Amino acid sequence: MAEESESKQSAVESMMSKISEKIHGHDSSSDSDSDHEKPGSASTVQAKIFRLFGRERPVHHVLGGGKPADVFLWRNKKISAGVLGGATAIWVLFELIEYHLLTLICHISILCLALLFLWSNAHTFIRKTPPRIPEVHLPEEPFVQVASALTIEFNRALKLLRDIASGRNLKEFLMVIAACWVLSIVGSWCHFLTLFYISFVLLHTVPVLYEKYEDKVDPFAEKAMIEIKKQYAVFDAKVLSKIPKGPLKAKKV
């Protein structure tokens with residue numbers, strides 16, 4: 001009898017241990033499943049975050065990366081401040097003081113040539129070595145690269161204007177017309193140099209501020225884009241849909 005009771009107790013203990021192992025195994029599997037679900041849910045939340053202009057890369061990559069992006073985002077404060085200060089000095093000279101470019105170049109050339117000429121002839125009296133005027137040689141490769149990049153951009157702009165003028169996308173056509181109209185109004189307010197300087201200052205301020213406060217700016221931009229889409233839908237329903245359109249020609253394969 002004692003042996004039977006001991007065997008029953010051992011069987012009960014083994015059953016209890018198996019049940020507890022199953023319970024703990026189920027808990028651990030559920031924990032692991034929840035751990036696997038957490039990054040997925042975080043990734044889905046990350047994917048749902050609205051970014052201005054639909055970008056998926058950082059602002060530094062959107063601006064092209066490299067040194068120009070470093071200057072615009074103030075990665076090196078001395079260089080950025082120097083570039084912005086130089087642009088401000090040019091704007092003050094030509095816009096506020098109304099100095100002319102050709103006059104400025106001639107005056108700088110006269111001053112430099114006069115100083116070098118006097119120093120070259122008076123070094124015997126001053127008992128100093130004559131100035132070493134270096135030979136300046138401009139390499140062709142940077143100018144060729146800049147010209148090639150500008151050519152590519154101009155060709156893209158001409159292709160875009162051609163596609164818009166062909167009547168394929170009414171939305172892009174209206175956007176370009178509105179942009180040109182706004183630029184014409186702004187151009188009537190100020191000179192080209194002032195407009196260029198304002199654009200230059202905005203390039204040095206807006207990207208760095210947006211990069212710093214993008215988590216606060218993007219929700220407002222999302223609301224603005226939703227409102228713009230609503231207004232465009234209303235305009236499309238009331239105006240654009242009522243414009244008569246000619247028969248579409250069959251596209252050639």
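Q: In which helix does Leu-93 lie?
A: This is a predicted model, in which local features need pLDDT of at least 70, side-chain atom pairs count only at pLDDT 80 or more, and totals for chains, interfaces and linings use all residues. Residues are numbered from 1 along each chain as its sequence is written, and side-chain values use heavy atoms, with hydrogens and water left out. Helices are DSSP runs of H or I with at least four residues, numbered from the N terminus, and Leu-93 lies in helix α4.

Q: Is Leu-93 buried, partly exposed or exposed?
A: Buried means under 20% relative accessible area and exposed means over 50%, with partly exposed in between (1.4 Å probe, protein chains only). Leu-93 has a relative accessible area of 29%, so the residue is partly exposed.

Q: Which residues is Leu-93 in contact with, leaving aside its neighbours within four places in sequence?
A: Contact means heavy atoms within 4.5 Å. Leu-104 is eleven residues from Leu-93 in sequence, with 9.2 Å between their C-alpha atoms. With those neighbours left aside, the residues in contact with Leu-93 are Glu-98, Tyr-99 and Leu-104.

Q: At which residue does α8 bend?
A: The bend at a residue is the angle between axes fitted to the seven residues ending there and the seven starting there. In α8 this angle is about 30°, and the bend is at Leu-202.

Q: Which residues of α8 are buried?
A: The buried residues of α8 pack against α2 (59-62), α3 (66-72), α4 (77-96) and α9. They are Thr-194, Tyr-197, Phe-200, His-204, Pro-207 and Tyr-210.

Methods:
Helices (H or I, at least four residues) and strands (E, at least two) are DSSP runs, numbered from the N terminus.
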